[in-house]
Amino acid sequence: MTEAAAGAAGRDTEAVSRFVESFAAQLVEAGMQRMAARVFAALLASDEGALTSAELGEQLRISPAAVSGAVRYLAQTHMVSREREPGSRRERYRVHGDQWYEALTNREAVIKRWEGALRDGVASLGRDTPAGRRMAETLAFFEFIEGEIAAMMERWRTHRDERFGPGSGE
């Protein structure tokens, strides 16, 4: 939401800006790139969950190149998607209600690749060596996490539907 839109909606634009910067700082602490965190927080705080590059640039006071780089990162991590504005060539960037599910699912694919590498490591080092045992334990941890994420996401969908209504995450 641009400052003008926030003001028109009766929102305190300074409070919205403080939220965006505060939440972005927390995402940066967790390892996200700074500009991507700011863009994600701005999208999350917008009523439609979607803004154009120009709107993001205006709200965050950043260049089009900075928006482009941030959106590229966020799209690769499945946290935002690009869409065309109807009747326009301009793109809008959208955060979805299920962005956390998408981000976790994407991480699950990374965990699967790590599992494959760890299996190779265990085979190369030997299960009975100290390094092999350490890798086997790490592999077991990731296998455990993978199963827990799948079960947890199923419980989340049920909880979300009970709390916000069926199909609310779409």
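## Basis

In this predicted model, local features need pLDDT of at least 70 and side-chain atom pairs count only at pLDDT 80 or more, while totals for chains, interfaces and linings use all residues. Residues are numbered from 1 along each chain as its sequence is written, and side-chain values use heavy atoms, with hydrogens and water left out.

## Nonpolar cores

A nonpolar core is a set of buried Ala, Val, Leu, Ile, Met, Phe, Trp, Tyr and Cys residues joined through side-chain atoms within 4.5 Å; buried means under 20% relative accessible area, exposed over 50%, and partly exposed in between (1.4 Å probe, protein chains only). The largest core has 26 residues, of which Met-32, Val-39, Leu-43, Leu-56 and Leu-74 touch the most other members. At least two residues of this core come from each of helices H2 (13-29), H3 (34-45), H4 (53-60) and H5 (64-76). Helices are DSSP runs (H or I, at least four residues), numbered from the N terminus. H3 gives the most, seven residues.

Leaving aside residues up to four places away in sequence, Val-39 touches Leu-56, Leu-60, Ile-62, Ala-70, Val-71 and Leu-74 (contact: heavy atoms within 4.5 Å). A second, separate core has six residues, including Ile-111, Leu-139, Ile-149 and Met-153.

## Helix H4

In H4, the buried residues are Leu-56, Gly-57, Gln-59 and Leu-60.

## Aromatic pairs

There are three aromatic pairs (ring centres within 6.5 Å, using the six-membered ring of Trp; planes under 30 degrees apart are stacked, over 60 edge-to-face, the rest tilted). Phe-19 and Phe-23 form a stacked pair, 5.7 Å centre to centre with 10 degrees between the planes. These two are four residues apart in helix H2, so about one helical turn separates them. Phe-19 is partly exposed, at 39% relative accessibility. Trp-114, Phe-141 and Phe-142 form one aromatic cluster.
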